[in-house]
Amino acid sequence: MSIDWAALGSVFGVSLAATVTLVGLFTLGIVGLSRQERAAAEGGSAALAVTGAYACFAACTAAVGYGIYLIVA
């Protein structure tokens, strides 16, 4: 049995980068929604923060959907 260490390292690197990216996007979405709540409590509006949050959540959903598509196809 032989292990292709280069391929294993490549898969590890891509998986790590994808995980960090998705967690970062989701975190930015949470931060955007929390800024909207803070602005609402202070009587202001944070439309840009909410739009950015929804964009981050949409990007996360698209990435997860694409991953599921790659697995199923």
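Visitor: Is A49 buried, partly exposed or exposed?
Guide: In this predicted model, A49 has a relative accessible area of 22%. Buried would need under 20%, and exposed over 50%. The value lies in between, so A49 is partly exposed.

Visitor: Which residues is A49 in contact with, leaving aside its neighbours within four places in sequence?
Guide: A49 itself lies in helix α2. Contact here takes heavy atoms within 4.5 Å. With neighbours within four places set aside, the residues in contact with A49 are G32 and R35.

Visitor: What separates the C-alpha atoms of A49 and A18?
Guide: Along the chain, A49 and A18 are 31 residues apart.

Visitor: Which residues of α1 are buried, and what do they pack against?
Guide: Helix α1 covers residues 5–41. Its buried residues are G29, G32 and A39. The element they pack against is α2 (47–72).

Visitor: How far apart are the end C-alpha atoms of α1?
Guide: The helix has 37 residues, and at 1.5 Å a residue it should span 54 Å. The model agrees with that expectation, because the end C-alpha atoms are apart by 54 Å.

Visitor: Which residue with a positive phi follows α1?
Guide: Helix α1 takes in residues 5–41. After α1 comes a residue with phi near 90°, and that residue is G43.

Visitor: Is W5 buried or exposed?
Guide: W5 is found in helix α1. Its relative accessibility is 62%, and the cut-off for exposed is over 50%. W5 therefore counts as exposed.

Visitor: Which residues make the nonpolar surface patch that includes W5?
Guide: The patch has an area of about 580 Å². Besides W5, its members are M1, I3 and L8.

Visitor: Is the protein chain a compact globule or more spread out?
Guide: The chain has 2 helices and 0 strands. Its radius of gyration is 18 Å, well over the 11 Å that the globule rule gives for 73 residues, so the chain is more spread out than a compact globule. Along the principal axes, the C-alpha atoms fill a box of roughly 65 × 25 × 15 Å. The answer is more spread out.

Visitor: What share of the accessible surface belongs to carbon and sulfur atoms?
Guide: Of the 73 residues, 12% count as buried. The accessible surface of the chain comes to about 5600 Å². The share belonging to carbon and sulfur atoms is 72%.

Key: Residues are numbered from 1 along each chain as its sequence is written. This is a predicted model: local features need pLDDT of at least 70, side-chain atom pairs count only at pLDDT 80 or more; totals for chains, interfaces and linings use all residues. Side-chain values use heavy atoms; hydrogens and water are left out. Patches are made of residues with over 30% relative accessible area and no salt bridge: like charges are joined within 9 Å, nonpolar side chains (Val, Leu, Ile, Met, Phe, Trp, Tyr) within 5 Å. Accessible areas come from the Shrake-Rupley method with a 1.4 Å probe; for residues, only the protein chains shown count as cover. A salt bridge is a side-chain nitrogen of Lys or Arg within 4 Å of a carboxyl oxygen of Asp or Glu. Helices (H or I, at least four residues) and strands (E, at least two) are DSSP runs, numbered from the N terminus. Buried means under 20% relative accessible area, exposed over 50%, partly exposed in between (1.4 Å probe, protein chains only). The expected span of a helix is 1.5 Å times one less than its number of residues. The radius of gyration is taken over C-alpha atoms; the globule rule is 2.2 Å times the number of residues to the power 0.38.
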